[in-house]
Amino acid sequence: MTDVPATKPYIDPSRTALLVIDMQKGFCDPESRMEKAGIGTANQRAALPRILELVELCRGYGMPILWSQQIHYPEDVTRRRRSIPSHIDKQKWAPCLRGTWEADFVDEVTEVLRPEDIIVEKHRASVFFETTLDTKLRMLGIEQIIISGCNTDFCVETTIRDGYYRDLDVIVVRECVAGPRKRFHEDTLAKVETYFGAVVTLGEFPSVVMSPEAVEASA
């Protein structure tokens with residue numbers, strides 16, 4: 001863990017939002033292209049109960065909940081412009097294609113969505129890239145983001161980097177991010193701890209959230 005999170009509570013619920021990245025059937029379902037390609041979805045499914053627990057914790061603190069939804073376009077001509085194959089070309093399949101069931105959130109997420117939640121549609125890895133996420137966070141007065149979802153080494157990591165470059169505090173909850181490649185997953189968490197923010201466990205999370213009294217005193 002980094003030194004700052006260990007010293008005292010530092011997450012201010014009044015200026016913090018939870019971002020849940022791409023908990024969709026294309027990345028989590030055992031019948032998805034990702035699973036059938038041999039990459040795997042078991043780790044993502046295993047993280048789902050912890051992610052839903054984190055969602056409820058953040059709701060209890062009054063934090064906004066934002067869900068990203070990856071949608072790939074089958075007819076996306078921009079990928080054909082590359083001299084070097086894109087990641088989709090390299091793997092020879094695309095998840096979460098527009099108009100398919102893979103783009104849907106997993107059923108467990110659909111069951112807990114609320115009208116006040118915000119869904120951010122995206123077409124590239126980072127939730128910030130050419131979406132309205134940055135504007136939405138600024139309108140909500142958000143300066144800290146809690147990161148959860150999948151996949152750790154790609155969509156999660158690129159979002160973490162983009163959040164950090166926008167001078168947001170980034171907090172990653174260890175059990176609440178997942179990806180199919182354990183080595184890549186751990187490498188991303190190590191980079192967060194070294195460069196981009198803080199990594200906490202779900203058990204530690206409540207201890208780093210400021211109390212209402214502490215928030216008032218710091219105002």
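Author: Helices and strands here are DSSP runs, numbered from the N terminus; a helix has at least four residues and a strand at least two. Please bear in mind that this is a predicted model.

Reader: Where is N151 found, then?

Author: N151 lies in the loop that connects strand 4 with helix 8.

Reader: Which bond joins C150 and N151?

Author: C150 and N151 are joined by a cis peptide bond, with omega at about -10°. Most peptide bonds are trans, and most residues other than glycine have a negative phi.

Reader: How far apart are the end C-alpha atoms of helix 8?

Author: They are 18 Å apart. Helix 8 has 14 residues (152-165), so at 1.5 Å a residue it should span 20 Å, and the two values agree.

Reader: Which residues of helix 8 are buried?

Author: The buried residues are T152, C155, V156, E157, T159, I160, D162 and G163. Their cover includes strands 1 to 5 as well as helix 9 (182-196). Helix 8 itself lies across strand 1, strand 2, strand 3, strand 4 and strand 5, and runs at about 170° to strand 4.

Reader: In what order do the strands form the sheet?

Author: Six strands form an open sheet in the order 3-2-1-4-5-6, and their pairing is parallel. Strand 3 and strand 6 (198-200) are the edge strands, each pairing on one side only. From one strand to the next, the twist averages 25°.

Reader: How many bridges pair strand 1 and strand 2?

Author: Strand 1 and strand 2 pair over four bridges, in the parallel sense. Within strand 2, L66 stands opposite L19.

Reader: Which strands does helix 4 touch?

Author: Helix 4 (residues 42-60) packs on the sheet and touches strand 1, strand 2, strand 4 and strand 5. Its direction makes about 135° with that of strand 5.

Reader: What about the largest nonpolar core: which residues touch the most other members?

Author: L54, I146 and F205 do, in a core of 37 residues. Helix 4 gives the most to this core, with seven residues. Leaving out residues up to four places away in sequence, F205 touches I11, L54, L57, C58, Y61, M63, I146, V173 and V200. There is also a second, separate core of 25 residues, with V120, F128, V170 and V177 among them. In soluble globular proteins, nonpolar side chains tend to be buried together.

Reader: How many aromatic pairs does the count come to?

Author: The count comes to six aromatic pairs. In one of them, the ring centres of Y164 and Y165 are 6.2 Å apart and the planes stand at 65°, so the pair is edge-to-face. Y165 also pairs with F196: those centres are 6.5 Å apart and the planes are at 85°, so this pair is edge-to-face as well. Because Y165 lies in helix 8 and F196 in helix 9, the pair ties together parts that are 31 residues apart in sequence.

Reader: Is F196 buried or exposed?

Author: F196 is buried, with a relative accessible area of 9%. Y164, by contrast, is partly exposed at 37%. Ring pairs link Y164, Y165, Y195 and F196 into a cluster.

Reader: One last item: where is E75 found?

Author: E75 is in the loop between strand 2 and helix 5 (87-91). E75 is partly exposed, with a relative accessible area of 46%. Apart from neighbours within four places in sequence, E75 is in contact with R80 and R98.

Notes: Residues numbered from 1 in each chain as written. Predicted model: local features only at pLDDT ≥ 70, side-chain atom pairs only at ≥ 80, totals over all residues. Heavy atoms only, no water. Expected span 1.5 Å × (residues − 1). Buried < 20%, exposed > 50% of the residue type's maximum accessible area, 1.4 Å probe, protein only. Contact = heavy atoms within 4.5 Å. Phe/Tyr/Trp six-rings, centres within 6.5 Å; stacked < 30°, edge-to-face > 60°. Pairing = 2+ DSSP bridges. Axes fitted to C-alpha atoms, helices over the stretch in contact; angles between N-to-C directions. Core = buried A, V, L, I, M, F, W, Y, C linked by side-chain atoms within 4.5 Å.
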